[in-house]
Amino acid sequence: MVIEQYTITTTQKYNFPQPTIDTTLPQRFLEQSLHSLKQVQSAAPFQLNQQHIQQAEEHPSSLQLNRTPIPLKPNHQETTIAAIDTSTIKIGETPTGIIIAIRGATVWKQNRKYHYTRLGPFIFHITEENKNTVYNTLERAYFTTRYETPHQSAPNLMQMPTRLASLLERWLQTMIAKTVSDGLILIDGSLTAGTIDTPVHRMREILHQARKNRSTVLAFSKATTLRVNGYLITDQLPNTEPPYLLETTGLRFKPPTVLQGDVYVARLNKANYAFRLDIDREIPLHQRLEAVEKLVGNDLYTQGYPETLRLAHILCTFTANEVLAMQHFITRKHGIRLVNRPDMHRLLFGPFSKGEAYA
Amino acid sequence: MKLYKKEGNILQVLSFPTENAEKGDYLLVEDADAGKALIAQVIDVQFAAVPGVLEELLRTLPDGGQPIQGEDIDPMEIAPHITYIQDASLLICKIRATLENGALSPSSSWLPSRSQSTIKKLSIPSLLKLAKVDGNLPIILGGTKDSSLLTIDASAIDGTLNIITGKKGCGKSHLSKLLMASLIGYKATVVVFDLNGEYSCLGMTQDGKRNMYYDKIHALTPAQNFKVALDQLHLNVVMGILIHALHLPGTSAREFRRIWKQLKDRGDLTLSSLGEAIRNLNCNQHVRDALASRYHSLVNSGFFTDVPAEATLLEECLLKAKEQGGAIVINLRNTSTIDRQIVVEYVLGKLVDSLQSWRLKAVFLFAEEAHLYLRETYWDDIVTRMRHFGIFTTFITNQPDTIRESIYRQADNIFLFNFTNEHDLDVVSRAARVDAETVRSIARDLPPHHCLTLGRVVHDFPIVARVRALDLKTMGETRLFFTQAN
């Protein structure tokens, strides 16, 4: 007699049934990373997060904010909370391109303890010559094989770091959506789809997988550009005791950008900070509120921001020490010499320069 | 290693974990273009101020308590590089000399190239060779960290003032015995003021057999095998004892001098006749009482005798030691404070007398905890006047503040063991031949039996060595209550 049972892992990583995880994408990341580094016969590191790009692409119109708060009652029912974030950093320049590093982190809270998995860093040498190959190989490795989308053109050189990080982030989100059941999945950013790095079908797939496992996707934006009557939606808070949500309506984007979630303003504790919160619009309202109440009841909050998501961000962010280590790695292991390009702003304007980021 | 900074005679060198530099190590900073090299000693090891380390550490403690559990999937194996950078250290080094054309000079006025200089560890044998720390009379002090021997030359102790200091139980007496035994081996005359009776058996091995020093150790215990007859004493020595050890006032001293001369002229210089003469002295009652009390102190010490057979001729021992080398160990273990001072006054007076008349060439004097028996005026005497007569003193103490600052300033060699007390380190760092940073930084971390040697013996290159073991019956161990019976 065969007893049917789920495979339970012995580690604390995923203490729930796991489907087989397709690891094609990380494998391709590694292959492309090593391949790109071999093709090579500093500038100040510049760290990017996916959210910057997404925010810039939003063009809302007729947005309304309902200033009547939806009160939340913390629900302490034990719930698995998982969060995903990725980070990318430019660690130097070569005569032909840039060296970038990408890392992703997933953090989950289970039985009142936090656990994490970090994937990376993956280091790429991106040049005008190899950027198409690198990007398209990675695209095809996981996503395109499923949706048969037309051949994507690679972004320009400066956009490559965020685009590659975005690929890794969506993959991690998909994996978490497939593995976490009856939980909350926290995403850094919004549920806006149809952008160049987040095709609609990709976001739909993540949300679909989550719903299939009875999980709810909550997307938190650290900063938003959405305004009503000229004021940021996160600045228009009623004088009500938190936690609560404020509902927005009428948010539309120019095609092909579409929203996969409904947008709320969430003020989750007494700290005077509120965040844009996107919740999967396919799930009913009571389930949305229940999800946020479970989040409030289960996760620690620093400045009103979920601790799990904060940890994911902290864990994937590169420190200066790591940048030095990666520069050491590429120099020692791959013999790559970084080019120290002069900072033209500093060169021309001296003490009046504010650096490239302010240019 | 990379040269990072130079401020005055302090170098800061960036070092990576694989390079294993520690406090006390010597580095050679070589600038090939300049044709010169700096010799610097590591006096402190600090973490390099690597940017981002604080963030790195903070993110592992998100709850302010338990480290977050997790897994790092690092397919490119960057983690070892992160650790490598994170564990980089900054070596704070003191420049000791400049090496140019094979010659050393104490200069640190030039600046080696930061980008072109090569930095490597300089082994102790190479350093000793460069510094020409060698000679015909080697004394092996012990082993250095790089498994080489630290050998000094006995002539570097000749004519010098030395201090052996460190906290209790770290091996000071052991080193003084080593130096003493080595000097005897080179036929030197050594006198030891042995406060705890631990030098008496140096002629025996640890298992109780006779060793090569057996015939050269002359242990003299006052009132036992070390007594003197009054007619062997010079008046100056007796007056020294009475005035300095027994605090006899001036008027009484004059009367005593008169009595002494009368007895000497009569050829009746004995204890009993001295007592009789004082009793019959026709003078002020107070003077007679003062003399009588001092007389009884002399009698009660047991150090003086009227029996010629009991009297030990210190001079004979000294002459014997002069011929074949040897140590006269004055065992002061069971001697009272006053008696100790009487004996020390006698011995020092006798030494000066013998040296002045050239019956002795020179003497190496080892004085343990000298503040317990040496009168105030003798400190300066020993380091100035007596030095010229040929008394070369080594002070051994665990209370560095009991030795006067002037002694430190004139010390030629300092053998420094571990000290943790800041005050003790402050006192020692006043020595002219050391710099305060070296003393404070290195001495604090010295393990037991390790000694920082400073001064002439190492040509002013401070070197740490583990003092070698001796097969001598040392008897210096502290008696313990909780000893396990075999």
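Biologist: In what order do the eleven strands of the open sheet in chain B run?
Modeller: The order is β10-β9-β21-β20-β19-β11-β18-β17-β12-β16-β13 (chain B), with mixed pairing. Strands are DSSP E runs of at least two residues, helices are H or I runs of at least four, and both are numbered from the N terminus. Two strands pair if DSSP finds at least two bridges between them.

Biologist: Which are the edge strands?
Modeller: β10 (149-153) and β13 (217-220) of chain B, each pairing on one side only. This is a predicted model, where local features need pLDDT of at least 70, side-chain atom pairs count only at pLDDT 80 or more, and totals for chains, interfaces and linings use all residues. Residues are numbered from 1 along each chain as its sequence is written, and chains are lettered from A and ligands numbered from 1 in the order in which they are written.

Biologist: How do β20 and β21 of chain B run, parallel or antiparallel?
Modeller: Antiparallel, with four bridges joining β20 (450-455) to β21 (463-467). T453(B) is opposite I463(B) there.

Biologist: Switching to the contact, how many residues does each chain give?
Modeller: Chain A gives 26 and chain B gives 22, where contact means C-beta atoms, placed from the backbone, within 7 Å.

Biologist: Which element of chain A gives the most to that side?
Modeller: β5(A), with ten residues. β5(A) also pairs with β5 (69-73) of chain B, parallel, over five bridges. In that pairing, H115(A) has Q69(B) as its bridge partner.

Terms used. Two residues are in contact if their C-beta atoms, placed from the backbone, lie within 7 Å.
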